[in-house]
Amino acid sequence: MALINDDSEIEYVVSAELRLADRQIRNTRADSAALLDADFREFGASGRVWDRESILDMMSDDISSAPTIDHVTAARLAPTVIHVTYRTRSQERTAVRSSIWLLRDGSWNLY
């Protein structure tokens with residue numbers, strides 16, 4: 001992964017995004033919850049909409065192998081908003097992903 005940027009907040013957000021793919025983090029509810037915004041929403045490939053509680057439930061039971069992640073890019077959209085995109089590859093599928101991270105109350109969280 002090559003991320004060319006001297007913005008330490010972008011570097012932190014990208015690192016946090018990648019930690020969410022780590023099964024040890026995913027399977028530990030408190031660790032995952034610390035990275036998710038209270039208003040978190042995810043739109044799955046199936047069309048399902050996950051809220052914070054439902055994604056935390058799913059991640060705590062996730063036994064799949066961690067995906068390979070590449071093509072990571074990140075851009076600051078506003079002082080408190082960072083957009084991250086990347087590609088994941090697993091045995092099941094390849095997906096291009098996009099996420100928005102918000103800075104609220106001094107903490108960056110996945111929105």
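**Briefing on a predicted protein model**

With a relative accessible area of 29%, E42 is partly exposed, because that value falls between the 20% under which a residue counts as buried and the 50% over which a residue counts as exposed. E42 belongs to strand β1, and the structure that holds this residue is a predicted model. The mean pLDDT of the protein is 91, and 95% of its residues reach 70 or more.

**Overall fold and confidence**

- The secondary structure of the protein consists of four helices and six strands, and along the sequence these elements follow the pattern α-α-α-β-β-α-β-β-β-β.
- The protein is as compact as a globular protein of its length, because its radius of gyration of 14 Å is close to the 13 Å that the globule rule gives for 111 residues.
- Taken along the principal axes, the box filled by the C-alpha atoms of the protein comes to roughly 35 × 30 × 25 Å.
- Buried residues make up 34% of the 111 residues of the protein, and among contacts between residues at least 6 apart in sequence, 40% join residues at least 24 apart.
- Among the elements of the protein, the lowest mean pLDDT, 90, belongs to helix α2 (residues 23–26), whereas the highest, 98, belongs to strand β6 (residues 107–110).

- The side chain of R52 reaches the backbone oxygen of A33 at a distance of 2.7 Å.
- Not counting residues up to four places away in sequence, R52 touches A33, L36, D37, A38, F40 and R41.
- Between the C-alpha atoms of R52 and V72, which are 20 residues apart along the chain, the separation is 24 Å.

- The C-alpha atoms of E42 and S54 are separated by 9.9 Å, with the two residues lying twelve residues apart along the chain.
- As for pairs between aromatic rings, the structure holds zero of them.

**S99 in strand β5**

- S99 is found in strand β5, which spans residues 94–104, and this residue counts as buried because its relative accessibility is 7%.
- The side chains of S99 and W101 are joined by a polar contact of 3.3 Å.
- Leaving aside neighbours within four places in sequence, the residues in contact with S99 are E17, I82, H83, V84 and L110.

Key. Residues numbered from 1 in each chain as written. Predicted model: local features only at pLDDT ≥ 70, side-chain atom pairs only at ≥ 80, totals over all residues. Heavy atoms only, no water. Contact = heavy atoms within 4.5 Å. Polar contact = N/O pair within 3.5 Å; in protein donor to acceptor, adjacent residues only side chain to side chain. Phe/Tyr/Trp six-rings, centres within 6.5 Å; stacked < 30°, edge-to-face > 60°. pLDDT = per-residue confidence, 0-100. Helix = DSSP H or I, 4+ residues; strand = E, 2+ residues; numbered from the N terminus. Rg over C-alpha atoms; globule rule 2.2 N^0.38 Å. Buried < 20%, exposed > 50% of the residue type's maximum accessible area, 1.4 Å probe, protein only.
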